[in-house]
Number of protein chains: 2
Amino acid sequence: MVVKDKNNFVEAITNKSVDFRRWYTDVIIAAQLADYSPVKGCMVIRPYGYALWENMKALLDRKIKDTGHENAYFPLFVPESLLAKEAEHIEGFAPEVAWVTHAGNEKLEERLAIRPTSEAIIGSMYAKWIDSWRDLPVLINQWANVVRWEKVTRPFLRTTEFLWQEGHTVHRTEKDAEEETLKMLEVYRDFMENDLAIPVYTGRKTEREKFAGALKTYTLEALMSDGKALQSGTSHNLGQHFAKVFNITFQDIDGERKFAWQTSWGVSTRLVGALIMTHGDDSGLIFPPKVAPIQAVVLPIWGKKEREDEVENKMGEIEKMLTGVCRLKVDRRREHTIGWKFNEWELRGVPLRIEIGPRDVQKNQVVLVRRDTREKEFVPISELKNKVLKVLDDIQKNLFERAKKFRDENTREVSTFEELASTVEKKRGFVGAFWCGDEKCEVEVKEKTAATIRFISPDSKEGKCVLCGKTGHLVYFAKAY
Amino acid sequence: MVVKDKNNFVEAITNKSVDFRRWYTDVIIAAQLADYSPVKGCMVIRPYGYALWENMKALLDRKIKDTGHENAYFPLFVPESLLAKEAEHIEGFAPEVAWVTHAGNEKLEERLAIRPTSEAIIGSMYAKWIDSWRDLPVLINQWANVVRWEKVTRPFLRTTEFLWQEGHTVHRTEKDAEEETLKMLEVYRDFMENDLAIPVYTGRKTEREKFAGALKTYTLEALMSDGKALQSGTSHNLGQHFAKVFNITFQDIDGERKFAWQTSWGVSTRLVGALIMTHGDDSGLIFPPKVAPIQAVVLPIWGKKEREDEVENKMGEIEKMLTGVCRLKVDRRREHTIGWKFNEWELRGVPLRIEIGPRDVQKNQVVLVRRDTREKEFVPISELKNKVLKVLDDIQKNLFERAKKFRDENTREVSTFEELASTVEKKRGFVGAFWCGDEKCEVEVKEKTAATIRFISPDSKEGKCVLCGKTGHLVYFAKAY
């Protein structure tokens, strides 16, 4: 049997600046966020990673409900004939679909797709449920697992199975659907910036990059600390594409039967990857307090044997004081040195460390150490509760400001293809340039620079396409995950 | 296009005493808890049903966490070779497994089972994670969807895909595992009796009825109001069965490497079926307040046109007063009559109705109507808040007492096979009798009466087997879902 020496994992992490890619997977495994499973491309989300996801889910779920949506649950399986109804949709997803062909010992009459997304199965139900304009809008969200068979996978960023939420709404008018699409884009922005401390750009995707079956796709794009962009969420105006093939109609106020207008929108466990790559450093993870599974860890420095009871008592007092105030962990383990524990909780991204030793007991104080800046501060125990809340709040803000500064510094505008190519190559980040709107130019840039158009700028500036020189709109290019 | 007349659904429900089976599905569809989907055997859980499940989930999740467990997430897929490692396990589940054989256009090298339960995939990870007695106990729970291909399905009770939680724990000793198994049985009992108001008997399953791969299975058995039993949850002591095939070992305190001891336990969306069949009546659903998606509905009786503003104002006052106090719905719809609304909210099982009309406004009162007893009471608005809380509490208790009375009255003990057969046939309910422990007698009773042994009584009484006369233990038979 292989000896599993868990006591040495802190040293095993690759330096972030040396190999970002390896640092990313090292930190996930060592911090016990996730692990590889015996199923190719599927990961196990371990309790620490899942607690993070639960916190994220609770915050986003609240925002989704506060904007009038209800949760529901639709089947995992989509019959092949249903999935195939919308032509662009099946074309886009077919190469990634996992197919169930047998049940028990019997061959199924029709193959069942494991849902890669649920427009088809949900659309078929909406056709049944919606009859009149009074039934609209339908505002439903689903938290579920989906499967897309990917050739190359990485934990959280791209896995064969992943967890997500998918909103599916139906509206009376085209205007209502567009408003919903943009409203949810803003709900996501609020969540990403205020809860995850990840600044995002939002804008439309090009025709080439939009969701298979959508009329328009809007995206939230974040910048990872290696300079690559990450698509963090999307909101689609589906127009009447699915309504027409699934026959989702309603009797309008004017008595006429019309096709409905739809949207769909989703974010996934990929956002855990975004958190890691936005905030982490050479020592490991840094979690924004709002979603951190553990917000503060209390570490005793035992000192001399005869003083241990004093430390233990004071620690108990602190535990009592902070329970319910923040998500607290008291680490009483004896089998590890204090240095090892410092490393471990830094690696695991806990925003705040509270140290207490015999000297601190005498002075009725603790040592507070911030994970983000490593600032150390002595705090009287009488002030601890308010201080903890304040510092957690500061960390949340600082992480956002720091990420925003990095993102802004790495957003550049260029006017020639040569500048575009060299900026993408040497500096990475988002590179703004004009594009004529022609897919040919879009593909040519991709082939030559490996950068794709991440989003079309919402502002209406016009200028000359960096490739062909025709007049076009401002778009942002980046290498992306 | 078929005209969907939703305004007449209240009348469409079959009378419960006439056809219980049809009543059950009628009420599910009409109350919009769930709907049939285009996938055979799979249902859609609609927002009202899903809100119920979310409330159930939140309460049970709290209890699972309070007993020291953490949530995690494991893959949907189980490679065939893993599932087949434990011989009894694969034998029990193979006939029900949905198999993924293709991804995109490629045939997979090894078939993947959609998890029917996760002992195998989780066991393979535990073997990797556990090294020393210090790593134990491992106390992990998962909320997930599972698939079992059933020939005959019914909404919530038996569906091809269903939602559940499955706990999977690992322990140092046999005693620890047995204690965990029984602890979770009690957690489930607490949840079922105190939150769902469903009284349960608990006890061991026979060898024939136990979980495929377990050492022992304990069950919670409830009595539905048609006199049939429903297995509502199970807690398994897995012994070392899975540890031995997955090589889950640890170095014990004494330095020796030993196989670990495991448990698993689960409840599912089947509990929604249990709620419906325990509490419902001819008018539809009755939900216990603790899990009801809507605990109180406010219905305006508009009266004369010139008085409508007064009613609206008073209703707004009530809405403000009760928001945050209970889960409240104010039904302002104009397209339905008040009688239709009464029927609808009764059908949908809302525990408390609050009516307000012009006369009530004058008297500064409302009419409170309980769903369980239909008692009507005039309540001064100044007392409304406390009254609502008190009545919701009363309804919760009354539903439990009522169900317990019915269950107790329908639990009988018999001493001969003839009595057993006639009681099962004519009275249904739980029928206690002695059984020698031989599978032959167990099967013979089943073949002759269609009743199965639901559980072995935890008490140690002994007596003569109703079939063969040999000495045996007290067991309870029933026809079951």
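How many residues of chain A are in contact with how many residues of chain B? In this predicted model, 48 residues of chain A touch 49 of chain B, two residues being in contact if their C-beta atoms, placed from the backbone, lie within 7 Å. Local features need pLDDT of at least 70, side-chain atom pairs count only at pLDDT 80 or more, and totals for chains, interfaces and linings use all residues. Residues are numbered from 1 along each chain as its sequence is written, and chains are lettered from A in the order in which they are written.

View 1. The side of chain A that touches chain B has 30 nonpolar, seven polar and 11 charged residues. Here Ala, Val, Leu, Ile, Met, Phe, Trp, Tyr, Cys and Pro count as nonpolar, Asp, Glu, Lys and Arg as charged, and the others, Gly among them, as polar.

**View 2. Strand β5 of both chains.** Five bridges join β5(A) to strand β5 (residues 98-103) of chain B, and the two run antiparallel. Strands (E, at least two residues) are DSSP runs, numbered from the N terminus, and two of them pair if DSSP finds at least two bridges between them. A:W99 has B:H102 as its bridge partner in β5(B).

**View 3. Helix α6 of chain B.** This helix (residues 174-195) has 22 residues and reaches 31 Å from its first C-alpha to its last, close to the 32 Å expected at 1.5 Å a residue; the expected span is 1.5 Å times one less than the number of residues. Helices are DSSP runs (H or I) of at least four residues. Just after α6(B), B:A197 takes a positive phi of about 60 degrees.
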